[in-house]
Amino acid sequence: MRRYKAAITGIHGWVPEDILTNADFEKMVDTTDEWILSRTGIRERHILKGEGKGTSVIGTEAVKGLLLKTQTKPEDVDMLICATVTPDMMFPATANIISHNCGIKNAFSYDLNAACSGFLYALVTASKFIESDTHKKIIVVGADKMSSIVDYTDRQTCVLFGDGGGAVLLEPTTEEIGLIDSIMHTDGSGMIHLHMKAGGSAKPPSHATIDAKEHFVYQEGQPVFKFAVTNMADVAVAIMEKNQLTSKDIAWLVPHQANMRIIEATARRMGIQKEQVMINIERYGNTTCGTLPLCLWEWEPQLRKGDNIVLAAFGGGFTWGSIWLKWAYDPA
Ligand code: UT7
């Protein structure tokens with residue numbers, strides 16, 4: 001029997017054009033450009049404006065661009081997974097809306113919620129369908145409209161997040177490239193530090209929940225920082241040790257973009273130079289499920305076939321993980 005690996009054979013990203021800068025936040029809350037930049041590394045973030053526009057707008061733009069770029073016919077796509085914490089609505093899945101918008105009619109599609117680790121979880125899930133030879137073309141979307149769940153009066157949280165995302169095409173290969181290994185973790189005890197209090201079945205929306213501002217991201221920054229900085233670095237080092245990879249073997253680290261200090265700590269622990277780390281937090285902030293595909297999309301012209309890439313993320317849940325993949329193609 002042939003053994004298949006799942007290779008990323010194309011990537012496309014999209015961010016809305018409107019921008020919120022640190023100077024804009026200085027007018028909205030008690031903060032400064034200096035505080036935001038030095039504590040987080042963020043200068044600006046993109047915001048999706050317009051009534052009725054949800055995360056599916058981001059996903060649709062990313063997938064349409066991906067289909068065009070990879071010359072993939074929508075009817076040939078077998079499956080589409082959308083990782084997001086800001087679905088257009090509770091149901092149907094945003095993945096279904098994206099599929100519909102893109103003319104993808106022969107796929108089964110669903111959403112996956114693992115907060116900031118969502119893209120990693122979805123990539124690992126999708127790769128299993130490819131490896132088992134049941135599906136040939138799978139699109140994985142990571143996208144979030146964080147501006148829809150951010151309280152713009154909460155200075156500790158509102159400056160962190162932005163909107164955007166990307167999509168990758170996964171296809172089978174018999175070469176030693178693609179997703180090689182992954183380590184994924186969940187610890188539900190972390191929920192108390194990072195969650196949205198209302199809007200789900202435990203606490204459905206009501207006048208009281210709206211008055212109490214319970215439909216926004218609730219984050220205790222410091223404890224989340226402590227868990228993130230330890231666990232993201234640990235899991236990135238763990239995938240190296242498990243596969244006997246040294247820092248010299250690794251071409252790129254693709255870290256979740258939540259805070260520059262977490263990114264730097266992870267790179268340091270891995271022994272990776274800053275030039276080998278994909279960092280775009282300065283321009284996008286934390287786009288939750290969107291950060292990793294946005295990085296890969298921006299760095300795509302610099303990636304070479306066979307490059308060893310480690311992706312790592314940490315987020316709400318808590319969820320965290322790392323993936324080792326070998327990039328599958330040279331720039332066009
Ligand atoms: O992606 C999901 C996972 N999320 C993360 O990984 C985020 C992890 N957490 C963080 O990135 C950081 O904890 C924050 C960026 C959220 C906060 O940075 P910090 O260095 O942990 O700051 P802090 O919470 O210790 O606050 C330091 C001070 C406080 O003032 P006092 O008590 O020392 O007087 C805050 O009130 O900074 C104050 N502060 C601000 N000052 C100006 C908090 N937010 C702001 C602000 N502007 N926007």
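**Salt bridges across the chain**

Asp30 is exposed, with a relative accessible area of 61% (buried means under 20%, exposed over 50%, partly exposed in between, with a 1.4 Å probe and protein chains only). This is a predicted model, where local features need pLDDT of at least 70, side-chain atom pairs count only at pLDDT 80 or more, and totals for chains, interfaces and linings use all residues. Residues are numbered from 1 along each chain as its sequence is written, and side-chain values use heavy atoms, leaving out hydrogens and water. A salt bridge here is a side-chain nitrogen of Lys or Arg within 4 Å of a carboxyl oxygen of Asp or Glu, and the count comes to 13 salt bridges.

**Asp30 and Arg155**
- These two side chains form a salt bridge at 3.6 Å, N to O.
- The pair links distant parts of the chain, 125 residues apart: Asp30 is in the loop between α1 (22–28) and α2 (33–40), and Arg155 is in helix α6 (residues 155–158).
- Helices (H or I, at least four residues) and strands (E, at least two) are DSSP runs, numbered from the N terminus.
- Arg155 is partly exposed, at 49% relative accessible area.

**Lys137 and Glu171**
- Their side chains meet in a salt bridge at 2.5 Å, N to O.
- Lys137 sits in the loop between α5 (118–131) and β6 (138–145) and Glu171 in strand β7 (residues 163–173), so the pair ties together parts 34 residues apart in sequence.
- Glu171 is buried, with a relative accessible area of 19%.

**Glu175 and Lys305**
- In this salt bridge the closest N and O atoms are 3.0 Å apart.
- Glu175 is partly exposed at 40% relative accessibility, and Lys305 is partly exposed at 40%.
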